[in-house]
Amino acid sequence: MHALERVQMVASWYTGRIEQEHGAPLPDQELLEELLNGLRRCLADQRVLPSADPAEVARIAADYADLYRELRSR
């Protein structure tokens, strides 16, 4: 799987959780901010990918694979 796909999977996870939290009777503002910050990091890394060198792309891919596994276990 490519780095971009991994970043997009994590961004999708954050988006789903943000929507879920917004729909809660009493949204947790602290959690929402944490989720939004995670989504912002995804978007920033997505913008970096086209100009990143191969080592950076590999690092981002590995980081996002680990992050996705971590997020799914929550």
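Visitor: Let's start at one residue. Where is the place of Pro54?

Guide: Pro54 sits in helix H3. Before we go on, this is a predicted model, in which local features need pLDDT of at least 70, side-chain atom pairs count only at pLDDT 80 or more, and totals for chains, interfaces and linings use all residues. Residues are numbered from 1 along each chain as its sequence is written, and side-chain values use heavy atoms, with hydrogens and water left out.

Visitor: Why does Pro54 count as exposed?

Guide: Exposed means over 50% relative accessible area, buried means under 20%, and partly exposed is in between, using a 1.4 Å probe and protein chains only. Pro54 comes out at 69%, so exposed is its label.

Visitor: And what is Glu56 called, with a relative accessible area of 28%?

Guide: Glu56, also in helix H3, has 28%, so it goes down as partly exposed.

Visitor: How about Glu30: exposed or buried?

Guide: Glu30 belongs to helix H2. Its relative accessible area is 68%, so Glu30 is exposed. Pro54 and Gln29, 25 residues apart along the chain, have 37 Å between their C-alpha atoms.

Visitor: How much of the protein chain is buried?

Guide: Buried residues are 27% of the 74 residues.

Visitor: Now the helix pairs. Why are H1 and H2 called roughly antiparallel?

Guide: Axes are lines fitted to C-alpha atoms, for helices over the stretch in contact, and angles run from 0 to 180 degrees between N-to-C directions. Angles under 35 degrees count as roughly parallel, over 145 as roughly antiparallel, 65 to 115 as roughly perpendicular and the rest as oblique. The axes of H1 (residues 3-22) and H2 (residues 29-48) cross at roughly 155° and come within 9 Å. H1 and H2 are therefore roughly antiparallel.

Visitor: Which residues of H1 and H2 meet?

Guide: Contact means heavy atoms within 4.5 Å. On the H1 side, Leu4, Val7 and Trp13 are among them, and the H2 side includes Leu31, Leu35 and Cys42. By class, that contact has 13 nonpolar, five polar and three charged residues. Nonpolar covers Ala, Val, Leu, Ile, Met, Phe, Trp, Tyr, Cys and Pro; charged covers Asp, Glu, Lys and Arg; the others, Gly among them, are polar.

Visitor: What makes H1 roughly parallel to H3?

Guide: H1 and H3 (residues 54-72) pack at about 30°, with their axes 8 Å apart. That angle puts H1 roughly parallel to H3. The contact includes Ala3, Met9 and Tyr14 of H1 and Val57, Ile60 and Leu71 of H3. Its residues divide into 15 nonpolar, no polar and two charged.

Visitor: What is the handedness of the crossing of H1 and H3?

Guide: A crossing is left-handed if the near helix is turned anticlockwise from the far one by less than a right angle, and right-handed if clockwise. H1 and H3 cross in the left-handed sense, and H1 also passes H2 in a left-handed crossing.

Technical notes. Helix = DSSP H or I, 4+ residues; strand = E, 2+ residues; numbered from the N terminus.
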